[in-house]
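Thank you all for making the time this morning.

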Amino acid sequence: MNFVEELRWRGMLNDMMPGTEELLNKEQVTAYLGIDPTADSLHIGHLCGVMMLRHLQRCGHKPLALVGGATGMIGDPSGKSAERNLLDEATLYHNQECIKQQLAKFLDFESDAPNRAELVNNYEWMKNFTFLDFAREVGKHITVNYMMAKDSVKRRLNGEARDGLSFTEFTYQLLQGYDFLHLYETKGCKLQMGGSDQWGNITTGAELIRRTNGGEVFALTCPLITKADGGKFGKTESGNIWLDARYTSPYKFYQFWLNVSDADAERYIKIFTSIGKEEIDALIAEHRENPHLRVLQKRLAKEVTIMVHSEDDYNAAVDASNILFGNATSEALRKLDEDTLLAVFEGVPQFEISRDTLVEGVKAVDLFVDHAAVFASKGEMRKLVQGGGVSLNKEKLTAFDQTITTADLLDEKYLLVQRGKKNYYLLIAK
């Protein structure tokens with residue numbers, strides 16, 4: 001496989017130094033990509049870079065995932081309008097270990113293959129580097145004029161940011177440049193990859209290597225991923241879409257991909273999956289013939305959910321989706337864990353009811369009219385029950401005065417009432 005050609009057809013190639021493709025076609029190349037360890041989970045904004053490393057390894061080259069422990073203590077000004085919070089050593093180490101576990105789902109760190117992936121942390125080689133040594137060995141090679149010409153610096157100095165640019169952030173491109181130099185000298189790394197906003201930092205590293213030891217290295221960037229409408233990719237009303245199930249449940253993760261637009265689905269299935277070109281072209285053609293079937297979105301959501309979580313999590317997410325939108329059974333409903341149940345029914349009307357009432361047993365008509373305003377009147381409820389239009393926990397209510405007890409609770413806490421086909425109500429026993 002040709003790595004550059006793979007990125008090109010997938011829409012994952014933004015810019016590339018001359019000679020990069022020739023190098024990759026000539027030899028096994030060691031390449032690195034930096035990941036910011038400001039949290040103990042990656043989010044889907046990181047996924048394009050991670051997929052670049054994945055494709056690199058699949059094409060026979062050696063990926064280095066660099067966790068920026070040192071640079072994470074400072075913060076990269078690229079694409080930012082304000083300085084970020086600095087992290088302590090214990091937090092950075094914890095974040096690094098969590099990130100490696102996530103990357104292991106995408107990259108081979110364990111085999112004996114010559115191109116097995118490695119995780120490196122620039123804190124290891126920066127922590128004992130004194131300021132005086134850094135100024136002598138790195139700072140003298142790159143002029144302030146060169147650093148000032150970078151777009152990431154210009155934007156911050158031209159008033160786009162209220163607080164300007166601190167000296168700490170100004171030095172960031174030198175720190176990242178030194179990473180490239182260190183990996184070039186210690187691991188034979190000849191290529192740095194990143195998002196298009198990293199081009200200035202990457203080329204500073206290439207220039208530093210040229211000026212310190214005359215070495216020739218290369219750079220390759222992917223475009224910053226956006227939505228078709230120009231909006232920011234990976235952000236929802238509730239924040240980032242995380243890869244860790246603690247922060248974004250597999251159900252919500254699956255739903256994010258399932259709900260992307262047709263235009264975005266065509267782009268994302270190339271960027272965020274490893275499906276081959278012929279199959280993707282066939283999926284796109286099938287989707288365009290019957291867009292209402294959402295073939296692309298379903299396949300995209302399946303591939304990414306399995307890759308990030310597991311096949312079991314994917315199946316559970318599909319089952320959970322069917323509870324709201326399909327003909328799911330009571331058995332399927334009872335399989336949901338509490339977090340998924342709440343995620344599925346987020347936004348439906350909720351009522352608090354007394355657990356004591358259920359302990360004693362209460363007629364459904366009293367519970368759903370007097371204790372929770374699911375129905376406007378007992379007469380309305382009686383008619384709907386007689387017509388088969390009321391369900392409790394996905395089972396038809398056969399009698400409007402059926403006794404409801406704690407035995408009916410889901411997760412010992414919830415009752416799900418369905419009125420008609422689309423109206424759901426969640427009753428919470430407290």
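Predicted model: local features only at pLDDT ≥ 70, side-chain atom pairs only at ≥ 80, totals over all residues.

Let me start with a question: how many residues lie between E14 and E15 in the hairpin that they form, and which glycine in the turn has a positive phi? Three residues lie between the two strands, and the residue with the positive phi, of about 75°, is glycine 420.

Residues are numbered from 1 along each chain as its sequence is written, and side-chain values use heavy atoms, with hydrogens and water left out.

Now for the overall picture. The protein chain holds 21 helices and 15 strands, where helices (H or I, at least four residues) and strands (E, at least two) are DSSP runs, numbered from the N terminus. The C-alpha trace of the chain spans about 85 × 45 × 45 Å along its principal axes. Of the 430 residues in the chain, 51% are buried; here buried means under 20% relative accessible area, exposed means over 50%, and partly exposed is in between, with a 1.4 Å probe and protein chains only.

Strand E14, residues 414-419, is mostly covered, since five of its six residues are buried. Its pairing with strand E15, residues 423-429, is antiparallel and runs over six bridges, one of which can be followed from tyrosine 414 to its partner in E15, isoleucine 428. Strand E14 also pairs in the antiparallel sense with strand E11, residues 390-392, over three bridges, and there valine 390 has arginine 419 of E14 as its bridge partner. Two strands are said to pair if DSSP finds at least two bridges between them.

Elsewhere in the chain, six strands form an open sheet of mixed pairing, in the order E1-E6-E5-E2-E3-E4. Strand E1 (15-16) and strand E4 (118-121) stand at the edges with a single partner strand each, so one side of each is left without a neighbour in the sheet. Within this order, strand E2, residues 30-35, and strand E5, residues 189-195, run parallel and are joined by four bridges, and alanine 31 has leucine 191 in E5 as its bridge partner.

That brings me to the salt bridges, each defined as a side-chain nitrogen of Lys or Arg within 4 Å of a carboxyl oxygen of Asp or Glu. By this rule the count comes to 21.

What does lysine 190 form a salt bridge with? The partner is glutamate 27, and the closest N and O atoms are 3.1 Å apart. Lysine 190 lies in strand E5 and glutamate 27 in the loop between helix H2 (20-26) and E2, so the pair ties together parts that are 163 residues apart in sequence. Both ends are partly exposed, lysine 190 with a relative accessible area of 27% and glutamate 27 at 28%.

Lysine 413 is partly exposed at 28% relative accessible area, and so is glutamate 338 at 31%. Separately, Glu5, Arg8 and Glu21 are linked in a network of salt bridges.

Glycine 49, in helix H3, residues 47-58, is buried, with a relative accessible area of 11%. The C-alpha atom of glycine 49 is separated by 7.6 Å from that of cysteine 222, although the two residues are 173 residues apart along the chain.
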